[in-house]
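Dear colleague,

Please find the structure below, handed over for your studies.

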Amino acid sequence: SRHSPDTKGAISNLPTKNDNQFLKLITCDGPTTLTEMLTKFGYFMPIVAGDRDAIRQIAYELVEDKANEKIVYFEARYSPHLLANCDVYPIPWKQSEGDLSPDEVVRLVNEGFEKGQRNFGIKVRSILSCLRHMEAWSPEVVELCKKYRKDGVVGLDLAGDESINYEPSRGHVQTYQEAVRCGIHRTVHAGEVGPPEVVREAVEILKAERIGHGYSIIKDAKLYQEILQKDIHLEACLYSSYITGACKADFSKHPVVRFMNDGANFSLSTDDPLIFNSTIHTEYNMAAKDMNFTEMQFMRMNLNAARSSFLCENKKKELLNQLRKAYGMPEEPKLDTNLNNYPCL
């Protein structure tokens, strides 16, 4: 955070002496693994977790950063439990018990986002993440989605190291069943470094509407065709797929090229922009330079992202028409969606 509060106690324990060393410690600048990449959170999250001012300010500055990237709408995902230090077991990051609960974390993030929206003129919503290795937290995550669905939270996510444990446990399945029952939107990190079976489980068992990454689906022709036919959105992140070893360095053969050629419903996003030290321009520049994306393909991809967003029908129509106007396309008078029962935020 550019304006973080006093965290000298946590910072004094870092194995670095200055800002440059710290940045190098927490970022990935070359090929590694998903498992190794995830260890980076252990360096900076203890500084932020439990700190109300830091959480609120970082949420605000995320909106500022995305506004500077000329993004008009984004959905940020995070685990409220990883930022809390009470009413959560085990307490993350080996911290002492404090007084910041996962519930209040969501409220603080919402406050930062609301202030950012007012000051920078873009739309922001959030998705709350369950973690594959922390089944016990998941029931509360979906309850927080329900509680704050009229206050900026638009969906549920499942994240974690699928290279170690990719099967959805009973607790996660029940959580997603509750999300389906209550009309909570659902996305799942799947098929990044794990096999196609992870994606199949996300779609068939967890009833995911979107898939985070999903690159491995091209290894299963039947599953891939099912994804195309069901128009399930694929959230691709080019730079991270290279860093984590999910895809080979030859981007002309990247699954995203196949997605584009086959007319799949996909988009490009940043993936942990702090750890990867990237922006949306990093993704777009790679797509233009290494995959020969045309301007029309970028526009089609962004319309896919808006169409598959977790906004309610009216707000989604506004977003689509805003993009179509910017792209010089005619507005669509009617959306083919099934979101009539979702709260309009």
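**Nonpolar cores**

Leaving aside its neighbours within four places in sequence, Phe293 is in contact (heavy atoms within 4.5 Å) with Val256, Met260, Phe266, Ala287, Ala288, Phe298 and Met301. The model is a predicted one, in which local features need pLDDT of at least 70 and side-chain atom pairs count only at pLDDT 80 or more, while totals for chains, interfaces and linings use all residues. Residues are numbered from 1 along each chain as its sequence is written, and side-chain values use heavy atoms, with hydrogens and water left out.

Phe293 belongs to the largest nonpolar core, which has 87 residues. A nonpolar core is a set of buried Ala, Val, Leu, Ile, Met, Phe, Trp, Tyr and Cys residues joined through side-chain atoms within 4.5 Å. Buried means under 20% relative accessible area, exposed means over 50%, and partly exposed lies in between (1.4 Å probe, protein chains only). The members of this core that touch the most other members are Leu156, Ile211, Val256, Phe266 and Phe293. There is also a second, separate core of seven residues, among them Ala306, Leu311, Leu319 and Leu320.

**Salt bridges**

Side chains of opposite charge can pair when their charged atoms come close. A search of the whole structure finds 22 salt bridges, each being a side-chain nitrogen of Lys or Arg within 4 Å of a carboxyl oxygen of Asp or Glu.

One of them joins the side chains of Arg56 and Glu111, at 2.9 Å from N to O. This pair links distant parts of the chain, as Arg56 is in helix α5 (residues 52-68) and Glu111 is in helix α6 (residues 102-120), 55 residues apart. Helices (H or I, at least four residues) and strands (E, at least two) are DSSP runs, numbered from the N terminus.

Glu111 also forms a salt bridge with Arg107, where the closest N and O atoms are 2.4 Å apart. Arg107 and Glu111 are separated by about one helical turn because they are four residues apart in helix α6. Arg107 is partly exposed, with a relative accessible area of 33%, and Glu111 is partly exposed at 28%.

In another salt bridge, the closest N and O atoms of Asp220 and Arg200 are 3.7 Å apart. Asp220 lies in the loop between β5 (210-213) and α10 (221-230) and Arg200 in helix α9 (residues 196-204), so this pair ties together parts that are 20 residues apart in sequence.

Finally, salt bridges that share partners join Arg52, Asp53, Arg56, Asp99, Glu104, Arg107 and Glu111 into one network.

Yours sincerely
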